[in-house]
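I opened this model to look up its nonpolar cores, its strand pairing and its aromatic pairs. The entries are kept in the order in which I made them.

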Amino acid sequence: MSKVLATKCQHTDRWMHARGLCASCYNKWLMDHNPRFKTNNRKLKRQWYASNPQKEKDRIEAWHSSHPGYLIKKKYGLSIEQLNAIIQVQDDKCPICQTPLATVGQQCIDHDHVTGFNRGVLCHNCNIGLGMFRDSIDSLLRAVRYLQFPPCHLVTGSEAGTHGL
């Protein structure tokens, strides 16, 4: 029996599997039209992933390394070019602590968790710091006032930073 090219899907350069479709399009068709196939397929995939965790981890890492910027685009809606432009606008530094971002191990895209609006790129420590303050400007201003006028100074009369020595 000779092989025939698929004719009823966009992959006309692949061999026909069934219904005039290539194998991947036929599997998609089955998923849409046969609930039992969908259930069995998911069950088999879960079993394979459970019995081959390293292969699955390697497969995912290989895919992500061949698709750079995918997660940034998916999570933040930014292309690699846009991310690089933001870093360039910030003079290649964290806008809070001024540490060069090239020397920082992990760069973080800072965003508003309520609106999803991207604000900039921070070093890991500054991103964690803002998160600890829950992005509250009022809390940050109180922290600045605390550092400028520590309550201990009122009690001990010592200057800030002298630890009463």
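**Ground rules.** I am working with a predicted model, in which local features need pLDDT of at least 70 and side-chain atom pairs count only at pLDDT 80 or more, while totals for chains, interfaces and linings use all residues. Residues are numbered from 1 along each chain as its sequence is written, and side-chain values use heavy atoms, with hydrogens and water left out.

**Cores.** I looked up the nonpolar cores, taking a core as a set of buried Ala, Val, Leu, Ile, Met, Phe, Trp, Tyr and Cys residues joined through side-chain atoms within 4.5 Å. Buried here stands for under 20% relative accessible area, exposed for over 50%, and partly exposed for what lies in between, with a 1.4 Å probe and protein chains only. The largest core has 12 residues in all, including Tyr 76, Leu 83, Ile 109, Val 121 and Cys 126. At least two residues of this core come from each of α5 (80–89), β2 (118–123) and α6 (124–132), where helices (H or I, at least four residues) and strands (E, at least two) are DSSP runs numbered from the N terminus. Which element gives the most to this core? I find that β2 does, with 3 residues. Apart from this core lies another, of 7 residues, among them Cys 9, Leu 21, Cys 25 and Leu 30.

**Contacts of Cys 126.** Not counting residues up to four places away in sequence, I find that Cys 126 touches Cys 94, Ile 96 and Cys 97, contact being heavy atoms within 4.5 Å.

I checked the strands next, and β1 and β2 pair in the antiparallel sense over 5 bridges; two strands pair if DSSP finds at least two bridges between them. Ile 109 stands opposite Val 121 in β2, and β2 is mostly covered, with 5 of its 6 residues buried. There are 6 residues between the strands of this hairpin, and Gly 116 takes a positive phi near 85 degrees.

**Asp 110.** Is Asp 110 buried or exposed? Asp 110, which lies in strand β1 (residues 107–111), has a relative accessible area of 6% and is therefore buried. Leaving out residues up to four places away in sequence, Asp 110 touches Phe 117, Asn 118, Arg 119, Gly 120, Leu 122, Asn 127 and Leu 130.

**His 11.** In the segment before α1 I looked at His 11, which is buried, with a relative accessible area of 15%. Its side chain makes a polar contact of 3.4 Å with the side chain of Gln 10; such a contact is a pair of N or O atoms within 3.5 Å, where within protein one must be able to donate a hydrogen and the other to accept it, and residues adjacent in sequence count only if both atoms are side-chain atoms. Beyond its neighbours within four places in sequence, His 11 is in contact with Ala 6, Cys 22, Ser 24 and Cys 25.

**Aromatic pairs.** I counted rings of Phe, Tyr and Trp (its six-membered ring) as paired if their centres lie within 6.5 Å, with planes under 30 degrees apart as stacked, over 60 as edge-to-face and the rest as tilted. By this rule the count comes to 3 aromatic pairs. Why is the pair of Tyr 26 and Trp 29 stacked? The ring centres of Tyr 26 and Trp 29 are 6.0 Å apart and their planes are at 15 degrees, so the pair is stacked. Both residues lie in helix α1 (residues 23–33), 3 residues apart, about one turn of the helix. Tyr 26 is buried at a relative accessible area of 17%, whereas Trp 29 is partly exposed at 26%. Trp 48 and Tyr 49 form an edge-to-face pair, 5.9 Å centre to centre and with 75 degrees between the planes.
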